Amino acid sequence: MHLITKSLLSLVVIASVLGPATATRKVRDGAQPIVFSVNPSSIHSGGTLLCTVGLDSTATDDLSITISPSDGSKFTSLPGAVTVPAGNDHVSFYATLTTSATGGFTLTASANGGYTMSPLQAISP
């Protein structure tokens, strides 16, 4: 019983010493998207975009990234999610606009509480 008391006492001391530091740190599990590049960023209606999402670190496990458009009606094909394979720090995919898409909009990539956005401009051919 005496040994258990010492262990508990040590744990309390460590917790009180580290308490303020850990209270101010942001805790998250895994990599987060930080770069979302779209090529080209200004495109004709009906065109296809090459999109790349970059992470702030290498994915330790396969990481699913949610892809959300500000206006889904502007796309004929856009994945709702893409996967960064374990050991990689980015993923690329294609998205195609409708032939009637015009104006500005954004694509957002999100995972693990982080997100990044890319503005786009669709122009008439």
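This is a predicted model: local features need pLDDT of at least 70, side-chain atom pairs count only at pLDDT 80 or more; totals for chains, interfaces and linings use all residues.
**Reading strands and rings in this model**

Colleague: Thanks. Which strands do the 4 bridges join, and in which sense do they run?

Modeller: The general idea is that strands of a sheet pair through backbone hydrogen bonds, in either a parallel or an antiparallel way. Here two strands count as paired if DSSP finds at least two bridges between them. Strands (E, at least two residues) and helices (H or I, at least four) are DSSP runs, numbered from the N terminus. In this case β4 (residues 63-69) and β8 (residues 103-111) run antiparallel, joined by 4 bridges.

Colleague: And over how many bridges do β8 and β9 pair?

Modeller: β8 pairs with β9 (residues 114-123) over 9 bridges, again in the antiparallel sense. Phe 105 has Leu 120 as its bridge partner in β9. The β8-β9 hairpin leaves 2 residues between the strands, and Asn 112 there takes a positive phi near 55°.

Colleague: What is the order of the open sheet of 4 strands?

Modeller: The order is β1-β3-β7-β5, with antiparallel pairing. β1 (33-39) and β5 (75-77) are the edge strands, each pairing on one side only. From one strand to the next the twist averages 35°; such angles run from 0 to 180 degrees between N-to-C directions, with axes as lines fitted to C-alpha atoms (for helices, over the stretch in contact). Within this sheet, β3 (residues 48-55) and β7 (residues 90-97) are joined by 7 bridges, and Thr 52 stands opposite Ser 92 in β7.

Colleague: Now the rings: how many aromatic pairs does the count come to?

Modeller: Rings of Phe, Tyr and Trp (its six-membered ring) pair if their centres lie within 6.5 Å; planes under 30 degrees apart are stacked, over 60 edge-to-face, and the rest tilted. By this rule there are 2 aromatic pairs. Phe 36 and Phe 93 form a tilted one, 6.3 Å centre to centre with 55° between the planes. That pair links β1 to β7, across 57 residues of the chain. Phe 75 and Phe 105 are edge-to-face, at 5.6 Å centre to centre and 85° between the planes; this pair links β5 to β8, 30 residues apart.

Colleague: Are Phe 75 and Phe 105 buried or exposed?

Modeller: Buried means under 20% relative accessible area, exposed over 50%, and partly exposed in between (1.4 Å probe, protein chains only). Phe 75 and Phe 105 are both buried, and Phe 36 and Phe 93 are buried too.

Colleague: Why does Tyr 115 count as exposed?

Modeller: Tyr 115, in strand β9, is exposed because its relative accessible area is 56%. Leaving aside neighbours within four places in sequence, Tyr 115 is in contact (heavy atoms within 4.5 Å) with Pro 33, Thr 108, Ala 109 and Ser 110. Tyr 115 and Gln 32 are 83 residues apart in sequence, yet 7.0 Å apart C-alpha to C-alpha.

Colleague: Where is Gly 30 found?

Modeller: Gly 30 is found in the loop between α1 (2-24) and β1. With a relative accessible area of 33%, Gly 30 is partly exposed. Its C-alpha atom is separated by 8.3 Å from that of Ser 57, which is 27 residues away along the chain.

Methods
Residues are numbered from 1 along each chain as its sequence is written. Side-chain values use heavy atoms; hydrogens and water are left out.
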